[in-house]
Amino acid sequence: TTGMKFAALALAASLMVGCGERVEVPPGHVGKIMTKDGYRDGLIPTSKLRLDYCVNYCDRLVVMDNTDKSYIEPMTIFIPADKLNISVDLRATLSVDPTKADPLFNKLPQVTQGDQLSLISGETIYNTYGKQVLQAEVRSYLTQYSISEIASNNEKINADIQILLQKVMGAKTPFKVNYAGLTNIKYPPIITEAQE
C-alpha cells in the first residue's frame, strides 16, 4: 500500500506540474496568446483560461483594452475669417473596433503585468492612432466658420463634428466614435466684449 500511495502522489504531482498559469481576459478586452514563434491565430474574448505547461519558454497572454474611454483634447484654433484664435475642448468617447483589433497586437508596445501577462492600453492605441486624427479633423472643420457662426450654431456644429469623426475615425483609425463634441469654448476678449 505504501507503493500505491507513492504512485498516487507522483501521478497527482505530475498532473499539477502539467498545468500552466491561470490568466484572464477581463470584460472590455480581447487577448492573444504569444508563443515563442509569435502570436497564435484568433482573438480570445472575455474569459478565464490556463496557459499551456512550459519548460523552456512560457506562452504569454497579451490583452488589449477596448473599453469605452473618454478623452479630452484642449485645442487653440486660428479662425481665418476673423484672424483670431478660439480655445475649445474636444470631448470624445471612443473604443477600439473589435474587427480591427487583431493587427494591432504586432504593431503596439505592451506593458508586462506579470510573468505570463502583458497589456496594450487604450491610451497607447489612442496616442498612436487617434489623437492626431481627432485634432486635425476638428481643426479643419472649424476653420471654415467665423467665430460668430460657431457661437450661434453650437448644436449643429457639435452634431456635424460627431458625424464627421464617426466617418473619418472609422476609415482612418481602429476606433469607433460613440460621442464627440465641443465644450468649454473660449472666445477672444474682443468678441466677448462686443457681444456684451
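User: How far does H4 reach from its first C-alpha to its last?

Analyst: Keep in mind that this is a predicted model. H4 has 19 residues, and at 1.5 Å a residue the expected span is 27 Å. The helix comes close to that, reaching 26 Å.

User: Which residues of H4 are buried, and why do they line one face of the helix?

Analyst: Look down the axis of H4: its buried residues fall within an arc of 110°, so they line one face. Buried here means under 20% relative accessible area. The residues in question are Ile157, Asn158, Ile161, Leu165, Val168 and Met169.

User: What covers the buried residues of H4?

Analyst: Both helices and strands have a part in this. The cover includes H2 and H3, along with S7 and S10.

User: Which element gives the most to the largest nonpolar core?

Analyst: That core has 39 residues, and those with the most contacts inside it include Met64, Leu94 and Leu165. Elements giving two or more residues to this core include strands S5, S6, S7 and S10, plus helices H2, H3 and H4. The top giver, with 7 residues, is H2.

Terms used: Residues are numbered from 1 along each chain as its sequence is written. This is a predicted model: local features need pLDDT of at least 70, side-chain atom pairs count only at pLDDT 80 or more; totals for chains, interfaces and linings use all residues. Side-chain values use heavy atoms; hydrogens and water are left out. A nonpolar core is a set of buried Ala, Val, Leu, Ile, Met, Phe, Trp, Tyr and Cys residues joined through side-chain atoms within 4.5 Å. Buried means under 20% relative accessible area, exposed over 50%, partly exposed in between (1.4 Å probe, protein chains only). Helices (H or I, at least four residues) and strands (E, at least two) are DSSP runs, numbered from the N terminus. The expected span of a helix is 1.5 Å times one less than its number of residues. The arc is that of the directions from the helix axis to the C-beta atoms. Contact means heavy atoms within 4.5 Å.
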